[in-house]
There are 2 protein chains.
Amino acid sequence: MKNQMECEERLKKSGLKTTKSRKAILDILIRSNQPMAVEQIFLLLKENQININLSTVYRTLESLENKDLVTKISLMDDDRMLFEYNQLGHRHYLVCVTCKKIITVQNCPLGSYERVLENETRFNIIGHKLYLYGYCENCQRSNDGI
Amino acid sequence: MKNQMECEERLKKSGLKTTKSRKAILDILIRSNQPMAVEQIFLLLKENQININLSTVYRTLESLENKDLVTKISLMDDDRMLFEYNQLGHRHYLVCVTCKKIITVQNCPLGSYERVLENETRFNIIGHKLYLYGYCENCQRSNDGI
DNA sequence: ATCTAAATGCAAATGGTTTGCATTTGCAAA
DNA sequence: TTTGCAAATGCAAACCATTTGCATTTAGAT
């Protein structure tokens, strides 16, 4: 399948050894197409009969992050770290505060704003995190009922 | 001093009892005018001969947050929570990835963008978190030297 | 002044994450 | 292919910010 190729290729390019753990974890993140909690990844591995120690999952994700294959993010009201496959370009998240559903937002209104800020602050701005939150369509309906 | 008044007044309005802990912690946050880590607050209290148990500091901050007197935020690469006095309006942060200095950005480019997104996604958007990061003027200079 | 719910101190628990160390494994060089 | 070794892994214990249970104290209403 296509994923397999993408996994191994990107691992090889990164200089990391291509191990069972790394292939499996990267594959899961590519497939998920969503930020995932470490525990979630760990359990999904187990379901697929792939037994990898939880601390190895953490270490693997750390390696992958160092090589920019995945990105670590933290959302509000959730003290766990989430990881997602590092798509080209960048994305933002719209999170439902009720059911925690995450919607990915592709376009970003901040490019020109960063340039303005750089002039004002003399910072060299290299990136940003933007999380929007609110109530998704479903949860709006449920709340009406209360 | 002006702070004292502001502290007590806002505590009274919130419906919380005005205790030594709450006055002291709110005062520190008002004075700091910057997000602070819990441990930082705790140590600053101790320096000022005000002995408050660490768990009380946590509980106090939680109460203050529930009454919207302070705001809890988490920055990247820092798994501690930060708290800041809740100014009117809202602010964003520009964080130096090297020295961790935080600059507060007053204006926000996201108002109209949220309306657009609401139409696209059917979410009812109630807020957002925006953190920008990069290298501050000082750290840019230091890096040149390397 | 009295009473009661709320606030606090203290110590122990929690839970996500990290680490030390012994063992295994990928992969480059022979 | 085989060998050698640094890198990766498993396991259990440590870490550390945060939370909690419970006994005691306190703010503020009556």
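## An asparagine with positive phi

Let's start in a loop of chain B: B:Asn33 sits between helix 2 (20-32) and strand 1 (36-37) of that chain. This is a predicted model, and in it B:Asn33 has a positive phi of about 60° although the residue is not a glycine. As background, most residues other than glycine have a negative phi. B:Asn33 is partly exposed, with a relative accessible area of 41%.

With a relative accessible area of 38%, A:Asn33 is partly exposed.

## The fold of chain A

Chain A is built from six helices and six strands. Read from the N terminus, its elements follow the order α-α-β-α-α-β-β-β-β-α-β-α. The C-alpha trace of chain A spans about 50 × 45 × 30 Å along its principal axes.

Of the 146 residues in chain A, 42% count as buried. If you are thinking about contact order, here is a handy number: among the contacts in chain A with a separation of 6 or more, 49% are between residues 24 or more positions apart.

## How the two copies are related

Strands from both chains come together in an open sheet of six strands, ordered 5(A)-4(A)-6(A)-6(B)-4(B)-5(B), with mixed pairing. The edge strands are strand 5 (102-105) of chain A and strand 5 (102-105) of chain B, each pairing on one side only. From one strand to the next, the twist averages 25°. In general, strands of a sheet pair through backbone hydrogen bonds, either parallel or antiparallel.

In chain B, strand 4 (residues 92-96) and strand 5 pair in the antiparallel sense over four bridges, and B:Leu94 stands opposite B:Ile103 of strand 5. These two strands of chain B form a hairpin with five residues between them. In the turn, B:Lys100 has a positive phi of about 70°.

## Helices packed on the sheet

Helix 5 (residues 111-121) of chain A packs on the sheet, where it touches strand 6 (124-135) of chain A as well as strand 4, strand 5 and strand 6 (124-135) of chain B. The direction of this helix makes about 125° with that of strand 6 of chain A.

Helix 5 (residues 111-121) of chain B lies across strand 4 (92-96), strand 5 and strand 6 of chain A, together with strand 6 of chain B. Helix 5 of chain B runs at about 125° to strand 6 of chain B.

## Around DNA strand C

There are 20 residues around DNA strand C, and those that come nearest are A:Tyr58, A:Met81, B:Thr19, B:Arg22 and B:Thr56. Of the atoms of DNA strand C that come within 4 Å of the protein, 62% belong to sugar and phosphate. Helix 4 (54-66) of chain A, along with helix 2 and helix 4 (54-66) of chain B, each supply at least two residues of the surface near DNA strand C.

Which atoms approach the phosphate oxygens of DNA strand C? A backbone N or O atom of A:Thr18 lies 2.9 Å from one such oxygen. An N or O atom in the side chain of B:Arg22 is 2.7 Å from a phosphate oxygen of DNA strand C, and for a polar side-chain atom of B:Thr56 the distance to a phosphate oxygen is 2.5 Å.

Our last stop is B:Ser14, in helix 1 (residues 2-14) of chain B. Is B:Ser14 buried or exposed? Its relative accessibility is 15%, so B:Ser14 counts as buried.

A polar atom of the B:Ser14 side chain lies 2.6 Å from the backbone oxygen of B:Leu11. Leaving aside residues up to four places away in sequence, B:Ser14 touches B:Lys67 and B:Leu69.

How values were computed:
Residues are numbered from 1 along each chain as its sequence is written. Chains are lettered from A and ligands numbered from 1 in the order in which they are written. This is a predicted model: local features need pLDDT of at least 70, side-chain atom pairs count only at pLDDT 80 or more; totals for chains, interfaces and linings use all residues. Side-chain values use heavy atoms; hydrogens and water are left out. Buried means under 20% relative accessible area, exposed over 50%, partly exposed in between (1.4 Å probe, protein chains only). Two strands pair if DSSP finds at least two bridges between them. Axes are lines fitted to C-alpha atoms, for helices over the stretch in contact, and angles run from 0 to 180 degrees between N-to-C directions. Contact means heavy atoms within 4.5 Å. A residue is near a molecule or strand if one of its heavy atoms lies within 4 Å of it. A polar contact is a pair of N or O atoms within 3.5 Å; within protein, one must be able to donate a hydrogen and the other to accept it, and residues adjacent in sequence count only if both atoms are side-chain atoms.
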